[in-house]
Amino acid sequence: MSETLSLVLESIRTLDDMVLAFQSEDKCSQLVESMVWPKGRICPACGYKHSISLADQDSGRGRLRPGLYQCSNSHCRFQFTVTTRTPLHATKLPLQIWLKAMWLILQSDKGLSSVRLAEALGVSQPTAWRMGHAIRLLTAQEHLLDGTVETDHFYLGGNPPKKRNVPPPGRGRKGKKKTAKTPILSMVQRPQSTEVGSPAGHARASVVADLSAVEASRVFGQELDLQANLMSDDWTAFAALGHNFSDHQTVNHSKDEYVRGAVHINSSEGFSSRVRRTVSGVFHHISTAHADLYMHEIGFRWSQRVVKGQAVRQSRNGKKKLRTIWSRVPPALQIAKLLRNAVGRQMRRTQQGGISVRSEIAVFG
Ligand SMILES: [Zn+2]
């Protein structure tokens, strides 16, 4: 990101700053272009770095719209705009509305429901719902977590409604009562340093079919670097997979052990409870089809903090402990991070008004 751009974005702190910065469509399209193409325009079809502006040229059917470019590669000649093949592909909304939506979502502590977003922007709720998902798709991170990674599992949501003539799960059977709630695996990278200005680690959460070693192995394969040092509780699935990593340490929760020196999973437990609180407090219900998108947003939000300092805090049992104090990356700077990964992450509308995600992962740039 250029220094001027980051200065502009960093200066957007308050609601007034935001409204002023995103008031003209021309200014917004310049901003979005410099965030999507920080190193200059790139053709989203072939990756070619030269293109010409078609704005104001006569197409034979009137003037072409501003922001339209054509790839200079003679085998390609693809015509594109800054939103082509991004989650904003073929959007009819002004970029001002998109930037405002991103800022509002990233500025809020736990996210915004589509109802509140619709009210704030003056768009319909279904539109706000699709916008929210497009923005969530931008928050997805692809690199593998490395360093020290804490992992934890938890359940989300309530049991499904009771049905007549169908006994609830577990009733009438021996052994442990089964749950019909959704199991989630969370993984949190510990920050590399506690020095002022160092970033928080990345965090991921994934919906799993069950808490088996097979499912945990699938998720770890997608999210974790094998060089990572894994920390977990003594859950059997984690015990079975630990040897795949550089190191694996466990705390024995079943024997009331929560911290053993540097061995603990406090960060991943903190993240798990943040996921739970966000889902129950903001979104109320998330469908399993789109659950990963919500997890991307919560994980991204977790990572957008830097160390502000350390302070002594008294815990509930009266013990004094050194705690890290975090401050948040200004929302406008977070927008630049989102748009940097925009190309290649397309989202399609389904005929029923829903969405389907067609992610090819950004390849160029
Ligand atoms: Zn091209």
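How many bridges join strand S4 to strand S7, and do they run parallel or antiparallel? Three bridges join strand S4 (residues 148-156) to strand S7 (residues 229-233), and the two run parallel. This is a predicted model, in which local features need pLDDT of at least 70, side-chain atom pairs count only at pLDDT 80 or more, and totals for chains, interfaces and linings use all residues. Residues are numbered from 1 along each chain as its sequence is written.

**View 1. The open sheet of five strands, ordered S6-S5-S4-S7-S8.** Its pairing is mixed; two strands pair if DSSP finds at least two bridges between them. Strand S6 (203-207) and strand S8 (247-251) each have a single partner strand, so one side of each lacks a neighbour in the sheet. Helices (H or I, at least four residues) and strands (E, at least two) are DSSP runs, numbered from the N terminus.

View 2. Glu150 has Met231 in S7 as its bridge partner.

**View 3. Strands S5 and S6.** Five bridges join S5 to S6, which run antiparallel. Met187 is placed opposite Arg204 in S6. Four of the five residues of S6 are buried (20 or more other C-beta atoms within 10 Å of the residue's own, with C-beta atoms placed from the backbone).

**View 4. Leu31 in helix H3 (residues 25-36).** Leu31 counts as buried because it has 23 C-beta neighbours inside 10 Å. Leu31 and Leu95 are 64 residues apart in sequence, and their C-alpha atoms are 9.6 Å apart in space.

Technical notes. A residue is buried if 20 or more other C-beta atoms lie within 10 Å of its own, exposed if 12 or fewer, and partly exposed in between; C-beta atoms are placed from the backbone.
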